[in-house]
Structure formats: structure tokens, C-alpha cells
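Please open the model in your viewer and keep the sequence panel beside it. The tour below says what to select at each stop and what is there.

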Amino acid sequence: MCGIIGCVGTDETVSTLMDGLSNLEYRGYDSAGVAVQNGSGIKTFKRAGNVSEVRDALPDDPPSGTVGIGHTRWSTHGPPTDQNAHPHTDPEGRVAVVHNGVIENYDKLRSQLEATGNQFVSDTDTEVIPHLIAHYLDGGLEPETAFRRALERLEGSYAVAAIIEEEETILSARHGTPLVVGIDDGAFFLASDVPAFLERTSDVVYLEDGEIARVDPDGFSMMDIKGDPIESEIEHIEWDAKETGKGSYDHYMLKEIDTQPTALRQTIEGRIDPETGSVSLDGLEAGAFEDYDQVDFVACGTSYHAALYGSKLLQDAGVEATAYRASEYGASSNLVDDSTLAIPVTQSGETADTLSAMAEAAEAGATTVAVTNVMGSTAARRADETVFIRAGPEIGVAATKTFSSQVVTLLLLARRLAEDIDGTEPRDDFDEVLAALERLPDDLQYVLESSDARSVAHDYVDSEAYLFIGRHLGFPVAKEGALKFKEITYEHAESFTSGRLKHGPLALVTPSTPIFAIATGEERSKTLTNATEAKSRGAPIVLVTDDEETGAELADKRLTVPETHELLEGLLANVQLQLVSYYAANRLDREIDKPRNLAKSVTVE
Ligand code: M6R
């Protein structure tokens, strides 16, 4: 939610900031803006609209200078207007600030500042920050001290960056939302996430909560809120900048769907001993899990669906496992103690609901193992252990390749847990699972090359609603199919366990409600029966299955996946549904990579 960037020491400050904002746009695209310090004051340019619209609207002589900050917004306080766009300034324009997070006590701070004559021009919570910094500057404090004093007044979450008139410095701080420093030859960056500056450098320092980074043309330094210096460690990011570009694709989403075979090879590489079939995961020793008897997955959105798939893989291996929607975890009557393994599953590693559930579990004594895609993310830094899904950067707001890599990672994790936890019965056909895993990237490639998803999507694109059904491992796939469809087409899509249809949802069924039935795995015959019941009421049936015969009479359309181990068929079926959503959204001319009202990284609860 919201992306922030800052840079010093680059040649073209505004265009560097705008390029960085384009790379951060997955975090929000309601408005964008930049502020530049050029020795004769701070120049600000900001607008409602996405980054490219704002870039097009830049004046012919954009603000020049060597120090600047920028922001792309996902609105929380106040609608997406020019006025509410960041950067925000104090009334005299001496301080400019960009912010990601929520200032919970902004109302109180605003009233106090208004009582001293300050006038506010936006509806945002952020605007109190430059006012506070200016207030302390007026009180005679040095810029850095004024910045720290302002931070002391804030409650809530923030990654914040500020520039101050006549200072060739960016002051920034992290409390609850991510911030990373990028270090290049003679240039320094600050951003919410590495893709903002990955084209320039992959040497980074991640800030922890409570840390402040000061960046100027001579270097950077870190301190705590009292101003005491902090040692920092430079890390090298392995991601390739090319991976964060669209290449020849029209949309990141299609690129990310198409590159799943590569992502899966990365996910699997080096994790299975070809001799013994045993699984090693990011340094987790054999026996690491022997003390646990319950696994709680906590996750949101697509990651929740992967966790649901994973929980069924664990149950199948005899491990007691439940997938919780992270935002409901605290309200669930689950018993958590030191025999609980809590597994937050989160692509970004920054989802506030998931981080909060992880903290609740840890508080109750659980050990936490984050399953994430992003090195240096908050989940990775806070969890006791981390397993990376290694999907490579995912930019499209709709998660695609990370679902597949999460499912495979959880399959491997299920094996490790089943081996470690007493009383479980690891599958005796695991050699077949491993063989299927090895074939998986090729099987997925086959789906991509042979899929009829485009014609299915076009045939049904004018329907009233879209229903997705499945059982067992087909159910998380049905849920994910419906989420993807509604997220990028804006059409009404729902999912049900196949057996649930007849208990109410059948009332929705008409000839204009195509049903996508996931008929994979051992449970397929019951799903076929349930789909037949819907067809009798007029619904067209799109069958996602692994052979040409299954449901021959029933299917109006068919999306076929290669035969493979039943644990992996759902993953392949999901790829067919990703493609259906993509082609339907494309036909409807939707903003596929930036669906309305959404952002990729949801850092508010
Ligand atoms: O980064 P996370 O995996 O924690 O994100 C969780 C959800 O916000 C995310 O999966 C969301 O549902 C996607 N946009 C779905 O495509």
C-alpha cells in the first residue's frame, strides 16, 4: 500500500524518481508525486492518476535538483485527488514528506497543530508529519533532531522519507512498513521495495522497525530514534532487473503466468536429494519439526488458497493442519502453544493481516516459519525460520506464479513435517510424487502451449456470473479461480465446494452462469455428479480435468491438464483458470496489472 522512493546523487532526479515509482506502482496507483530539493527551495509536483498519467502531465521543465522523494498512493485517508497526493508539505513548503502506513493519532495531532495556527490542505493522515517537523525546526532544532522528535509523536505505522529546505539529505524511518536503502556508486536510494531501484543497484540495507536512515551524496548512516548510531549490513539481492520488466508482454500477469515453468524449477532446485528422495529446505535440519503436533497456516487472498491447498497436503501426510484467514486468526478459538508451528504464507512478506497473525501466534508460544517470496521482507525477518518460494519478482497485482511456487514449497514442507513429526505416516508413494514434481515444469509448459482458455473466456465473457466448484484439492483451486476472475475482470465470481451447490447456491444457476468444475484427483466423480445437477438447471459446464473422456457428455467446454500425481493436478488446473481470467479481463479491456481499488502489497489491517 503506497510506494515511496528517494534518491540522491543521480543525474536526472525526477526521471529516476518516476522510473522508480513505475516499478513500485503495484503498491498503489491512485496518485503520484515527487518533490525535489534544488538549493533554492523544494519543488513539488503531484497529481491524481497513475504514474504514467502523472509522468505525462509533468511540466516541460520538471523540478530539477539532486535530492528528491516520490510516492505512488493507495488511498486510506481521503479520496484520490491532487490535494491528497503525496508529497505533503508544511504550510511554508520547507519540508516535504512521503509516507506509507497509517498515522493512528493524526486527528489529535492535527487538532493540536491547528490550535497553533497551522492550516491543513489535505484529508490525509500524512500531512501532520511535515507540519510536526517544521514545528520542531521553528523551535530551533537541527533537521535530524526535528525529524526524530516528530517521529516520537507518531502512533501507527510508517515508512517515511522527508526532505528539508537547504539540506542535501533525505531523512527516512521505518516503523511497521518496509523501507530499504540501495547503494550505488555515488548514488543512494530509499524505497519501499527493491524493484524501485533494482536497475541501478542490488546492494541493499534493510531497515528494521525503529531505525532511521540518513542519506546524502557522501553516503548513508543509520541511527535509532535517540540518534545513537546503528551498524548496518549490506546485502546483495539475487533478483535480475530484467525480471522486473514486462519484456515483450502486454501485461505482467501474462508474463508471470508464462514464466511459471522457470519459477517452479527455481522453487524445486537443489531441494530434493535424488538418491534418497529426502527434502532439504533452506537449512532446516532433519528433525527440526519433531516437537510440533499442530500446524496453523495464516495467510490472505491467493496465499490463503495456497495455504488451504498446503493444509490438505499436510493432512494427507497425517499432520494436523489448519489454514486460517490471517485477519480472523485472533478471533478463532484455536489453541496455540509451544507445540504449534505457525506458518505465515505471504508472497510479499509484508501483508499486515498476516504479520499480525504471525505475531499473535508467536506471542502464544508458537514457532513461526515464514513461507515467502521476498528476501528481507518483514515476515522473513520476524519469523523464527524462513523458507523462500523462489518464484522471482511478481509485479502484477494478481498473484499467479507465486501461487504455484507456494504450493510446491508447501508440498516439500509437508514431506519434511511428515518425516519429522511422530505418529505421522509419510506417503509410501513419495517417489511418484517426486517424479511428478520433476515433470511439473514441463507439464505446466504443455498447459501453456495447448490451453483453450482464450476461446473459453471469449465464449462466456458476457455471462451474468461465474461459479467455480471443486472438492478436496480442487476446492482451493476453485476459490483461487474465482478470486482471480473477480479481481481482474470485475465480474461476479463465486466458489463453492462441489457438494455445497445443492444446499443453496444452485438457486443462482441459470444458462448465464457458467460453472468451472475442477474434476481432478480421486474426488472427481462426485464433482462430476454435482456439475451434472447444475447442468440440468441450464448452466454451461467448463470441465477442468486430465483426460478427454471424463465427463464427455457433461462438458460444454473442456480445459485439459496432463495426467500427473493427484497432489499436483490442482496446481495445473489452476494455471488453466489463470489463463481464463486473463483472457476474459483482456477482452473486457480491464487494467489487468492494476485492477481498480487494489494494491499488491496490503500493509494495513
Ligand atoms: O503478499 P501476500 O501473499 O501476503 O498477499 C496476500 C493477498 O493480498 C494477495 O494474494 C491478493 O489476494 C492478490 N492480489 C490476489 O491475486
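**A stop at Y490**

Select Y490, which counts as partly exposed because its relative accessibility is 21% (buried means under 20% relative accessible area, exposed over 50%, and partly exposed in between, with a 1.4 Å probe and protein chains only). Phi of Y490 is near 65°, a positive value in a residue other than glycine, and Y490 lies in the loop between α14 and β21 (493-497); helices (H or I, at least four residues) and strands (E, at least two) are DSSP runs, numbered from the N terminus.

This is a predicted model, in which local features need pLDDT of at least 70 and side-chain atom pairs count only at pLDDT 80 or more, while totals for chains, interfaces and linings use all residues. Residues are numbered from 1 along each chain as its sequence is written, and side-chain values use heavy atoms, with hydrogens and water left out.

**On to the ligand**

Now select the ligand, which 14 residues surround, the closest being S303, T346, S348, T351 and E487 (a residue is near a molecule if one of its heavy atoms lies within 4 Å of it). Both α8 (301-316) and α14 (474-489) supply at least two residues of this shell. Domain 2 (252-443) and domain 3 (451-587) both give residues to the shell, so the ligand lies between them; the domain bounds come from an automatic or database domain assignment.

Next, show the side chain of S348, where an N or O atom is 2.6 Å from an oxygen atom of the ligand.

Conventions:
Polar contact = N/O pair within 3.5 Å; in protein donor to acceptor, adjacent residues only side chain to side chain.
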